[in-house]
Structures are given as structure tokens and as C-alpha cells.
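Here are some notes for a first look. Please keep the structure open while you read them.

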Amino acid sequence: MLKRALFFSTPFCLSLRDGQMIIHTKEAPDERRSVPIEDIGVVVLEHQQTTVTLPLLNALSDHNVAVVFCDGSRMPNAMLLNLDSNRTQGENYRAQAEAGEPLKKGLWRQIVEAKIRNQAALLHKLGRDGDRLKPCYTNVRSGDADNREGVAAKIYWSELFGPEFVRRREGGAPNGLLNYGYTILRAAVARSLMGSGLLPAFGIFHRNRYNAFPLADDVMEPYRPYVDEIVHRLHVVEGCSELTREVKGELLRVLFADTRFARVQRPLDVGLTVTTASLAGCFAGDRKRIVYPLLE
């Protein structure tokens, strides 16, 4: 089921009543809207004067909703995730923790290959030279031992935004748009991992001691081009460089982007559950490949 993504950039009051999120303002407390909790997948709380009740937060957590809290600069800063969102969670955690290096290196090879294939597909879609990436995704070794991902990135960013563009978190436009879109995607991936009984803290490749969600960073890699496509349209086609309310709303819509698998097409937020469930199967020894969509 496709879940809704809610974005609060003004000071709303949010509470719970009869399984519904109740939304109103202090100025008009009698003018209320409601959204069923079971229909919500992601909530972004941006305005610093937004008020949220504890019963609502618990209800959102119980339904595995990714709640994203923004800081004073209106940038995503923290997430609320359920700690008990899957019936076989303990068993899945053990399989994940006991995964050996050969399995992890094999999984990382698959992730890197899928990421570069989607980068090439996006370049083709935009009329750029995606064939330049073919040697990268056809020669990925176990664990990406010779850093095909890094080689592909240099080509990809140059083709996508021009030879002068450098991808850095603190870099110039459109880096800010990319950062915001990736944070939304990361929250949705973490939510999906928890729903599949996996612990986002146990990464495959990413292992920064200060990173609480390295597995989300691993799994989201092949999905990044879906964000890149939106940012390309916003920045290159429409000339947007600032994170306005409208731009943030457009980036949030990445969760509804069409993703095509072998036989079916699903919204990205639903497609993530296909991917994370297949990863859980890999850790359990029930399957050998992670299922990723191919960008079209």
C-alpha cells in the first residue's frame, strides 16, 4: 500500500484521536483536518514551533512511520523509528550480525553495480552519454575492490551537471538540493529496513562510528539517481538553486516516483520494501541477490 508523506513547514498542532492524526493551528483550533495513521509513511516536521503529542508519536512509531525532525535551519536533523516493527526481528538481527565478509562483499558488489546501472540509465534518459559508465558496471569486483563506484561518480557528475560541478555536502548548488533529497530517501529506506526486520545500524560497507544508519546508506545507493533526476529538473531545467518550500515539496515527491522491477512497477516507497525484504532473504540464506529497480 502506498503511504502518504506529510510535510509541515508552518506551526501546526498535531495530536492523536481514534487512530487519526489531528491537524489544526492555535489560531483556528476548531478547524481541524485528520489523516488515518495507517495511511502515513513519512512525516517531516520542519517548523520549530510545531507541537506534537506523545500519544501521536507513539502511534506513528507503532505503524513504522519515519518521522523526520528538522533543526533551526530547517534541514533534516533526526529520525524517529520503531524498535520493534517485525515479528521475526530477533532472528533477522542475528542473521544480519553473523553475516560473513564474503557475503557482505558480494552484496556490496551488487549494490554498486545496480547504482552505476541506474546512473547510466538516467544519463541516457536525459540525452547524455550513459555509455561512458558501461565499463564501470560491467567490471565490478567483489567488495568493489578497485573502486568502480568512485570512477563512475566522476564521469556521472560531470555528465549530469557539467565538468565544473563537484559533489560535496557543503558545496555550491545544487548540492543543497541533493542533500535534502537524499535525507528524505534515507529516512524512507531506514523505515523500510525496520519493517523488514533489519537493523539500520549494521552496515554492509558504510561503517562510520558516528553514523547510526549505515545500512540505510548502503541500501539507498541505487535509488539515489531517482533523487538526482528531480534535482536535475529543478536546477538545470527550471533554474532552482535554493531550498524553498516548493522545492522541498518536489523533493519529497521522490517517494512516489515510479520504479520498475522485472515484472511490475511500484511507487518508490513501495519498491523499497521489495528491496529490503530481498536483502533480509540474502542475510537469512534464502536468496542470493538483492532486488533493485532499473530506472527508466
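**Notes on the predicted model**

1. Start with the surface. The protein has an accessible surface of about 14,400 Å². Carbon and sulfur atoms account for 48% of that area. Bear in mind that this is a predicted model.

2. Next, the secondary structure. The protein has ten helices and ten strands. Its radius of gyration is 19 Å, close to the 19 Å that the globule rule gives for 296 residues, so the protein is as compact as a globular protein of that length.

3. Taken along the principal axes, the box filled by the C-alpha atoms is roughly 60 × 50 × 40 Å.

4. How much of the protein is buried? Of its 296 residues, 52% count as buried.

5. On contacts, consider pairs of residues at least 6 apart in sequence. Of the contacts between such residues, 62% join residues at least 24 apart.

6. Then the charges. The protein carries 39 positive and 35 negative charges.

7. Is S61 buried or exposed? S61 has a relative accessible area of 12%. Buried means under 20%, so S61 is buried.

8. Which residues does S61 touch, leaving out those up to four places away in sequence? They are L81 and N82.

Definitions and conventions
Residues are numbered from 1 along each chain as its sequence is written. This is a predicted model: local features need pLDDT of at least 70, side-chain atom pairs count only at pLDDT 80 or more; totals for chains, interfaces and linings use all residues. Side-chain values use heavy atoms; hydrogens and water are left out. Helices (H or I, at least four residues) and strands (E, at least two) are DSSP runs, numbered from the N terminus. The radius of gyration is taken over C-alpha atoms; the globule rule is 2.2 Å times the number of residues to the power 0.38. Buried means under 20% relative accessible area, exposed over 50%, partly exposed in between (1.4 Å probe, protein chains only). Contact means heavy atoms within 4.5 Å. Accessible areas come from the Shrake-Rupley method with a 1.4 Å probe; for residues, only the protein chains shown count as cover. Lys and Arg count as positive and Asp and Glu as negative; His and the chain ends are not counted. The place of a charge is taken as NZ of Lys, CZ of Arg, CG of Asp or CD of Glu.
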